[in-house]
Amino acid sequence: MKLTRRTLGLSAAATLAAPALLAWPADAAEFNYKFATNQPLTHPSNIRAQECIKRIEEQSHGRIAIQLFPNNQLGGDTQMLTQVRAGTIMFFPVSGLIIQMIVPTAGANGVGFAFKDYHEVWAAMDGAFGTYLRGQMAGAGLYVFPKIWDNGFRQVTSSTRPINTPADFKGFKIRVPVMPLEVSMFEALGAAPTGININEAYSALQTKLVDGEENPLSIIYNWKFYEVQKYVSVTNHMWDGFWLISNRRAWEKLPKDMQEIVQRNMDQAALDQRGDIRKLNDNLQGQLQKLGMVFNNPDTTPFRAMLQKNNYYAKWKKEFGSECWGLLEKYTAKLA
Ligand code: X2X
């Protein structure tokens, strides 16, 4: 399978040219919004966002106009999150890991080795655990759409050595997103993590500021990390998704019928995007091998044991609190 944007059925370049064909000039709209993403144009999030923007503009008969700013055009994750809170960005799919900076529980789905498969992930995220997390984020001025978008199960890449056992992490300099849960996990595994936003990750790898990073295959591919990394160790150490967030005050100003149109289409986009990412993450290994990457499948038992031993689970159970932890464990095996 050739994995280009064509395999997703759409050309990103063609879809992004769509505003020129709009039936309603954007300056005639009552509600003008910015939709920002942290992903390159080829990533399914941008393709599905563009489709759903088009549907929203059509179904609102031009009352709503949304402009897409892909590829960190409006800044790194940290800056874009600030712009959502200020109300200048209206829509932003961002990892709960990043939101952890302002809402401590928002990253709780990222507890190491919590989810065993997608069945558990969607049951939890579309169920009571997701509802709880969204409630927590609402308290920080965010409106969070019900359906989370997929990022995927995260794997470790490296330019120096494959990770087979926890001993391989000793002194391993690894780029992680700017968030406490990840830093704490890789410290507990003996590595030396550094929080860096995704838009600066490639150059950190290229200049050897770090030896490796960890991300789902769809990110490794779309960000061309294969150019600066050799090994992929399939650890599935964490599941990560993008919450589509909005500014709560701005969202509440939108009339109910317009909210309904936006929400219906955003949730549809989320489900479509989940299908795309699943396909990519399931199929990219062969493509990345052709590009020179070498895969290995470590036994994860000793990694979990090391996290237990270094009190990682006990620490995060305490930080997140028993309600949050209990809701997570409702869907996963017992973690601590
Ligand atoms: O920054 C990352 O590694 C990414 C793209 O996976 C997130 O959004 C957390």
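I began with tyrosine 143, which stands opposite serine 246 in β11. The model is a predicted one, in which local features need pLDDT of at least 70, side-chain atom pairs count only at pLDDT 80 or more, and totals for chains, interfaces and linings use all residues. Residues are numbered from 1 along each chain as its sequence is written, and side-chain values use heavy atoms, with hydrogens and water left out.

**Entry 1: the partners of β11**

Helices (H or I, at least four residues) and strands (E, at least two) are DSSP runs, numbered from the N terminus. Strand β4 (residues 142-144) runs antiparallel to β11 and is joined to it by 3 bridges. Strand β3 (residues 92-95) also pairs with β11 in the antiparallel sense, over 4 bridges. Within that pairing I noted phenylalanine 92, whose bridge partner in β11 is isoleucine 245. For β5 I found 4 bridges to β11, again antiparallel. Here aspartate 150 has glycine 241 of β11 as its bridge partner.

**Entry 2: the cover over β11**

I next asked how many residues of β11 are buried. The result is 9 of the 9, so the strand is largely enclosed by the rest of the structure. Buried means under 20% relative accessible area, exposed over 50%, and partly exposed in between (1.4 Å probe, protein chains only).

**Entry 3: asparagine 247**

I selected asparagine 247, which lies in strand β11. At 5% relative accessibility, asparagine 247 counts as buried. I listed its contacts (heavy atoms within 4.5 Å). Not counting residues up to four places away in sequence, asparagine 247 touches Val84, Arg85, Ala86, Gly87, Met90, Gly141 and Tyr143. I also looked for polar contacts, meaning pairs of N or O atoms within 3.5 Å; within protein, one must be able to donate a hydrogen and the other to accept it, and residues adjacent in sequence count only if both atoms are side-chain atoms. A polar atom of the asparagine 247 side chain lies 2.9 Å from the backbone oxygen of valine 84.

**Entry 4: helix α5**

I turned to helix α5 (residues 118-125), which is mostly covered, with 6 of its 8 residues buried. The buried residues are Tyr118, Glu120, Val121, Trp122, Ala124 and Met125. What covers these residues includes α6 (128-138), β5 (149-153), β11 (239-247) and α11 (256-290). At the N-terminal end of α5 I found a cap from aspartate 117, whose side-chain oxygen lies 3.2 Å from the backbone nitrogen of histidine 119.

**Entry 5: the open sheet**

I traced an open sheet of 6 strands in the order β8-β7-β9-β6-β10-β12, with mixed pairing. β8 (192-195) and β12 (294-296) stand at the edges, each with a single partner strand, so one side of each is left without a neighbour in the sheet. From one strand to the next the twist averages 25 degrees. Strand β7 (residues 173-176) pairs with β8 in the parallel sense over 4 bridges, and isoleucine 174 stands opposite proline 193 in β8. Helix α7 (residues 180-188) lies across β7, β8 and β9 (212-215), running at about 160 degrees to β7. Axes are lines fitted to C-alpha atoms, for helices over the stretch in contact, and angles run from 0 to 180 degrees between N-to-C directions.

**Entry 6: the ligand and asparagine 215**

An oxygen atom of the ligand lies 2.9 Å from an N or O atom in the side chain of asparagine 151. For arginine 154, a polar side-chain atom is 2.9 Å from a ligand oxygen atom, and for asparagine 215 the corresponding distance is 2.6 Å. Taken alone the ligand exposes 260 Å², of which the protein buries 100%; accessible areas come from the Shrake-Rupley method with a 1.4 Å probe, and for residues only the protein chains shown count as cover.

Asparagine 215 has its place in strand β9 and is buried, with a relative accessible area of 3%. Its side chain makes a polar contact of 3.3 Å with that of arginine 154.

Conventions. Pairing = 2+ DSSP bridges.
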